[in-house]
Amino acid sequence: MVVHRLRNADAELRRRPTALTALVVVVALTLLLCGGGLVWTSQRTPSKAELDEIRSQALDAGRSSAEVLLSYDHRTLKKDFRAGRRVATGKFLSEYRKTTEKSVRRSAEKNKVTVTAEVVSAAVVTATPDRVVLLLYVNQNTVSVLVKDGRIDQNRVQMTMVPVDDDWRVAKLNSM
């Protein structure tokens, strides 16, 4: 009889941790599902209307940014390059700063270069809420002591736009 009671007590002790383990598992699964729901909600796919708005905003910003970045006048370089830095971000901002301050400034001042860029056509290649890739056709009119009558270069540019604060900025720019 005593042995039987000890066996029952032992079995009871073994069941309690099992019940406690089951409770811990249920609580953990509940927290995991709630957390997963929050992540899913925050990473939801934007609606067609939201994505259309993103495309439109990035395209408008890209058009004006391309004209700012690809235009400069030897008489107003400091102002022109400051405007270019305002529409750039990340690694591209660093590259733009180095290029304009070193080679472009020197050449523009030496040869009295004025470049006026005009986006003649643009389209969205890909779009997500945090990255929009654009293709732009840009005409650049260059006048300098070397090209007095001017020269128009027709360029294709791929531009990556990213949201920064409440604006779209240029994160990458490649000539094609």
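User: How many salt bridges are there?
Analyst: Keep in mind that this is a predicted model. The count comes to seven salt bridges.

User: Take Arg 55. Which residue does Arg 55 form a salt bridge with?
Analyst: Its partner is Asp 52. The closest N and O atoms are 3.3 Å apart. That counts as a salt bridge because the cut-off is 4 Å.

User: And where do Arg 55 and Asp 52 lie?
Analyst: Both sit in helix H2, residues 48-69. They are three residues apart, about one turn of the helix.

User: Which residues form the positive surface patch?
Analyst: Lys 78, Lys 79, Arg 82 and Arg 86.

User: Which helix is Lys 79 found in?
Analyst: Lys 79 belongs to helix H3, which covers residues 77-86.

User: Switching to pockets. How much space lies in the largest pocket?
Analyst: About 280 Å³.

User: What lines the largest pocket?
Analyst: The lining has 13 residues. Leu 69, Leu 70, Tyr 96, Thr 99 and Val 104 lie nearest the centre.

User: Which helix gives the largest share of that lining?
Analyst: Helix H4, residues 90-111. It supplies six residues of the lining.

Conventions: Residues numbered from 1 in each chain as written. Predicted model: local features only at pLDDT ≥ 70, side-chain atom pairs only at ≥ 80, totals over all residues. Heavy atoms only, no water. Patch = residues over 30% accessible without salt bridge, like charges linked within 9 Å, V, L, I, M, F, W, Y side chains within 5 Å. Areas by Shrake-Rupley, 256 points an atom, 1.4 Å probe, with all protein chains shown as cover. Salt bridge = Lys/Arg side-chain N within 4 Å of Asp/Glu carboxyl O. Lys, Arg positive; Asp, Glu negative; His and termini not counted. Charge placed at Lys NZ, Arg CZ, Asp CG, Glu CD. Helix = DSSP H or I, 4+ residues; strand = E, 2+ residues; numbered from the N terminus. 1 Å grid on protein atoms, 1.4 Å probe; cavity = no way out; pocket = protein on both sides within 12 Å on 5 of 7 lines; lining within 4 Å. Points joined across faces, edges and corners; volume = space filled by probe spheres on them.
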